Amino acid sequence: MISTKDAFVVRGLGGKRSLSGIIKVNGSKNAVLPLLAASLVCKGSFTISNVPLIEDVFRMNELLSDLGVAVTTEKKRVYSYDSKNVRTTELDHEISKRFRASVILTGPLLGRFGKVSFPHPGGCVIGERPIDIFLYGYKKLGAEVSETGDEFLLTAPRGGLIGASIFLPLPSVTATEAFVLAALQAKGITTIKNAAVEPEVTSLVEFLISAGASIKGAGTSTLEIHGKKGLLNPRNIYKTIPDRLEAGGFLVLAALAAKDVTITNCEPEHLEIIIETLRRAGVPIEVGKSTLRIRSEGQLSFIGSGFKTHEYPGFPTDMQAPMTVFLTQAKGENLIFETIFEGRLAYTQDLVRMGADITMWDPHRVMVKGPRKLKGKVLDGPDIRAGLAFVIAAAVAKGQSVINNIYYIDRGYERVEERLKAIGLDISRVIVS
Ligand code: EPZ
């Protein structure tokens, strides 16, 4: 059992390019979580493979079991779900608040059972994480919303949700996923405009279609769901798509410290903007069908360029922290504009303590001047992606770093220290509690 107080101890490479070997990418956290939620709208048993063994999956399994879903481990990274005995539509408070994706469950529960109660979801400290778009969309589908303290109760009309046209004020990823799952059994057609088009959303829509749902517009920002009574029939095992954010984080580490590293089991097509950004800076990346390789005998020098985070296929906000670490090692003055979340740049102050030259202009923008040598420090990871960024910075730094709060890293990366150790990084997990 991983305690919330575990820490990583990393001995930095001091700028040497010595990592070599193969690092395998696991299934995508942000693809598997909505797929697990979809078990609530499936008849019989639904099996999913390539499931990453991460804390958020364990929490989702706990939530589903608490609702009455039978969760079975078929074998390592293969789980089956049977929702025929769901006995409640109340989401457990304590578990729901530990991860944002719990909010996705409101969609299938409201769509199938006509009601759901839940707390305001938790998640990273990257911003306020409001749920106003969820409440707006559910009201459009005919639901009543009542709020007592931190608890929300949604109730559908007696005959169930009524199909509607929902124009998302922001292309919210989990709101898109929740509305698709809610609309499957609504009366009539639901159109979602300005829908998120991340690969993880498309993977959910493609799974639902394969299980008998009638949805048009997969992969586009306009989804049309034809509501049908009854549950879906998943026909075969559904394989979780590779995690583009794991692959992207490993690619940045390899860009900075690889002698010869190959990243396997990834989907380069989902990483195009990361690959292009690094190539433009001077990183030699060899792209295969499901692999990325970086090799270099001697030192490399990079010329950085600023970037602005943007919904897919633009620069992903979940790659902003690792790429910022890369820019501390590249020549130039580069502005980073985090457009999605208002609290996702606080970690840069810790990079400054390590020796980086980063000036915060406002909650959405920092200026990075590089290259600067980094020194190992004691760091507290504030969220999943900044946590991995600290591992990358610690790997590049001179001296030892201790990264606390690695529960956050374990939320999104399965035993990452074992895979990094295998390519030559001196990293170990210290049980602090
Ligand atoms: C998903 O979060 C991802 N999580 C996040 O990854 C990712 O950073 C984010 O999408 C953006 O790509 C999962 O898929 C489980 P949003 P989500 O709703 O859906 C605002 C990680 O590290 N908003 O697309 O919660 C929101 O504040 C995590 O894996 C509202 O204003 O993000 C943000 O500014 C971190 N009201 C913007 O929309 C709402 O009701 C986009 O957020 C909902 C969202």
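Which element gives the largest share of the lining of the largest pocket? That share, 4 residues, comes from H1.

## Basis

The model is predicted: local features need pLDDT of at least 70, side-chain atom pairs count only at pLDDT 80 or more, and totals for chains, interfaces and linings use all residues. Residues are numbered from 1 along each chain as its sequence is written, and side-chain values use heavy atoms, without hydrogens and water.

## Largest pocket

A pocket is an open set of points on a 1 Å grid over the protein atoms alone, with protein on both sides within 12 Å along at least five of seven lines; lining residues have an atom within 4 Å of a point. A volume is the space filled by probe spheres set on the points, which are joined across faces, edges and corners.

The largest pocket holds about 1,100 Å³ of space. Helices (DSSP runs of H or I, at least four residues, numbered from the N terminus) that give two or more residues to its lining are H1 (29-37), H5 (132-140), H6 (173-183), H8 (244-257) and H12 (384-396). Of the 43 lining residues, Arg 129, Val 173, Thr 174, Ile 340 and Phe 341 lie nearest the centre of this pocket.

## Second largest pocket

For the second largest pocket the volume is about 390 Å³. Its lining has 17 residues, with Gly 15, Gln 299, Gln 329, Lys 373 and Val 396 nearest the centre.

## Cavity

A cavity is a set of grid points where a 1.4 Å probe fits but cannot get out. The count is 1 cavity of 30 Å³ or more. Residues lining the largest cavity include Ala 196, Val 205 and Leu 223, and helix H7 (residues 199-210) gives the largest share, 3 residues.
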